[in-house]
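Open the model in your viewer and keep the selection panel at hand. The stops below go from the sheet to its helices and then to some charged pairs.

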Amino acid sequence: MTNNGLCAKKKKAGYTIGDGFNLKRKGGVIMATKFGTAIVKGEDSFKVGEEAARKAMERAGIKKVDLAIVFSSSKYDYQAVVNGVRKVTGSASLIGCSSAGEFNEEKVGKESVVCAVINSTTHKFFTGMGK
């Protein structure tokens, strides 16, 4: 189906395609999922985590995070990175892992931290750990 066909179909249903991931109905946004990433390097693990989360939120255009995903080089103190991310994202669900090279849509790096953040009115996120 072409983009025009999709728009026409959605318009018949009372929806129009909005900016980014938003679907709009007359009167305002009814569904939205926003996603942003940032890649940061530095010396202070806490500050690198904090800056990565802050920049990712700015790029997503959000003030509240539902899920944070963090990839960190082993150069950093993992707990300090998480604490920095948590300072910005609060009690949002968080998952992550160590990495041997980091990337996002902007660049590829080494000895850096990547943070991705998601905010959604249509999806809920939960984390868990198995034995």
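**The sheet**

Select Ser72 first: Ser72 stands opposite Ser98 in β6. This is a predicted model, in which local features need pLDDT of at least 70 and side-chain atom pairs count only at pLDDT 80 or more, while totals for chains, interfaces and linings use all residues. Residues are numbered from 1 along each chain as its sequence is written, and side-chain values use heavy atoms, with hydrogens and water left out. Strands (E, at least two residues) and helices (H or I, at least four) are DSSP runs, numbered from the N terminus.

Now colour β5 and β6, which run parallel and are joined by 7 bridges; two strands pair if DSSP finds at least two bridges between them.

**Salt bridges**

How many salt bridges does the structure hold? There are 6, each a side-chain nitrogen of Lys or Arg within 4 Å of a carboxyl oxygen of Asp or Glu.

Show Lys75 and Glu43, a salt bridge whose closest N and O atoms are 3.6 Å apart. Lys75 is in the loop between β5 (67-73) and α3 (78-89), Glu43 in the loop between β4 (33-40) and α2 (45-60), and 32 residues separate them. Lys75 is partly exposed at 37% relative accessibility, whereas Glu43 is exposed at 70%. Buried means under 20% relative accessible area, exposed over 50%, and partly exposed in between (1.4 Å probe, protein chains only).

Next, show Glu106 and Arg59, which meet in a salt bridge (3.2 Å, N to O). Glu106 lies in the loop between β7 (102-103) and β8 (108-109) and Arg59 in helix α2, so the pair ties together parts 47 residues apart in sequence.

Finish at Asp66, which forms a salt bridge with Lys64 at 2.4 Å between the closest N and O atoms. Is Asp66 buried or exposed? Asp66 counts as buried, at 16% relative accessibility.
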